[in-house]
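Subject: Structure for you to look at

Dear colleague,

Here is the structure I promised to pass on, with my notes below it. Please have it open beside you while you read.

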Amino acid sequence: MKQHLLPLENASVYYIPSFLSEETANKYFQELLTTIQWEQQDVKVFGKIHPQPRLTALYGTSERSYRYAGLTLQPHPMTEALQTLQQKIEACSQHQFNSVLLNLYRDGQDSNGWHSDDESSLGKNPAIASLSLGATRKFYFRERKNTKNTYKMELTHGSLLIMSGATQHHWHHQIPKTKKNVGKRINLTFRYLI
């Protein structure tokens with residue numbers, strides 16, 4: 001399985017463009033679109049309440065909740081499909097996971113702003129395995145100490161991005177909005193909650 005190490009200083013980020021075959025990725029996309037219990041949470045940005053610009057859901061093998069951006073998500077029990085994907089990703093990444101935060105981007109106006117996955121519940125140097133299904137979207141990295149230093153890439157259908165080591169300490173990442181007519185995208189971010 002071909003994987004690429006991204007040229008990011010003080011980071012360990014691998015990209016596997018064809019982690020799932022197109023046929024397998026299509027199957028999981030349709031299944032997750034219709035079986036996941038998607039929700040739209042409200043978030044507070046600069047003192048104002050806004051609906052989050054995407055739908056989310058948390059699933060896990062433990063009952064640990066996940067707090068980020070002022071939200072607390074309670075996990076649903078892992079489905080068979082999610083467990084199968086988790087086992088496949090664990091075998092490839094050599095990391096263990098006990099939860100998955102899913103994001104549904106309904107169109108180009110759904111997005112995820114600059115952030116790091118650096119919550120204390122993820123541990124000091126968390127491993128995050130991000131599986132993309134559906135429409136291709138741009139994905140940006142930005143160095144924390146030098147915000148002009150950015151790296152841009154596209155996350156394609158069936159691809160896997162693995163961030164580990166000190167990545168979250170040194171880099172932010174985002175999925176920006178786009179005016180292009182893009183279809184739905186599901187992103188599964190496997191993580192280990194402590």
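Which residue just after helix 2 takes a positive phi? That residue is Q94, whose phi is about 65°. Please bear in mind, here and in everything that follows, that this is a predicted model.

**Overall picture**

The protein has a secondary structure of 3 helices and 16 strands. Its radius of gyration is 16 Å, close to the 16 Å that the globule rule gives for 194 residues, so the protein is as compact as a globular protein of that length. Taken along the principal axes, the box filled by the C-alpha atoms is roughly 40 × 40 × 40 Å. Of the 194 residues, 49% are buried, and among the contacts with a separation of 6 or more, 72% are made by residues 24 or more positions apart.

**Helix 2**

Helix 2 is built from 14 residues and spans 20 Å from its first C-alpha to its last, which is close to the 20 Å expected at 1.5 Å a residue. Its buried residues are A81, L82, L85, Q86, I89, E90 and S93. When one looks down the axis of the helix, these buried residues fall within an arc of 160°, so they line one face of helix 2. What do they pack against? Their partners are helix 1 (22–35) together with strand 5 (55–60), strand 9, strand 11 (128–134), strand 14 (160–164) and strand 16. On the other side of helix 2, by contrast, E80, Q87 and A91 are exposed.

**Aromatic rings**

There are 3 aromatic pairs in the structure. One of them is formed by F97 and F190, a tilted pair with 6.3 Å from centre to centre and 55° between the planes. F97 belongs to the loop between helix 2 (80–93) and strand 9 (99–105), whereas F190 belongs to strand 16 (residues 185–191), so this pair ties together parts that are 93 residues apart in sequence.

**T136**

Finally, a word on a single loop position. Which residues does T136 contact, once its neighbours within four places in sequence are left aside? They are E154, L155, T156, H157 and V182. As for V13, it is 123 residues from T136 in sequence, and the two are 19 Å apart in space, C-alpha to C-alpha.

Key:
Residues numbered from 1 in each chain as written. Predicted model: local features only at pLDDT ≥ 70, side-chain atom pairs only at ≥ 80, totals over all residues. Heavy atoms only, no water. Phe/Tyr/Trp six-rings, centres within 6.5 Å; stacked < 30°, edge-to-face > 60°. Helix = DSSP H or I, 4+ residues; strand = E, 2+ residues; numbered from the N terminus. Expected span 1.5 Å × (residues − 1). Buried < 20%, exposed > 50% of the residue type's maximum accessible area, 1.4 Å probe, protein only. Arc of directions from axis to C-beta. Contact = heavy atoms within 4.5 Å. Rg over C-alpha atoms; globule rule 2.2 N^0.38 Å.
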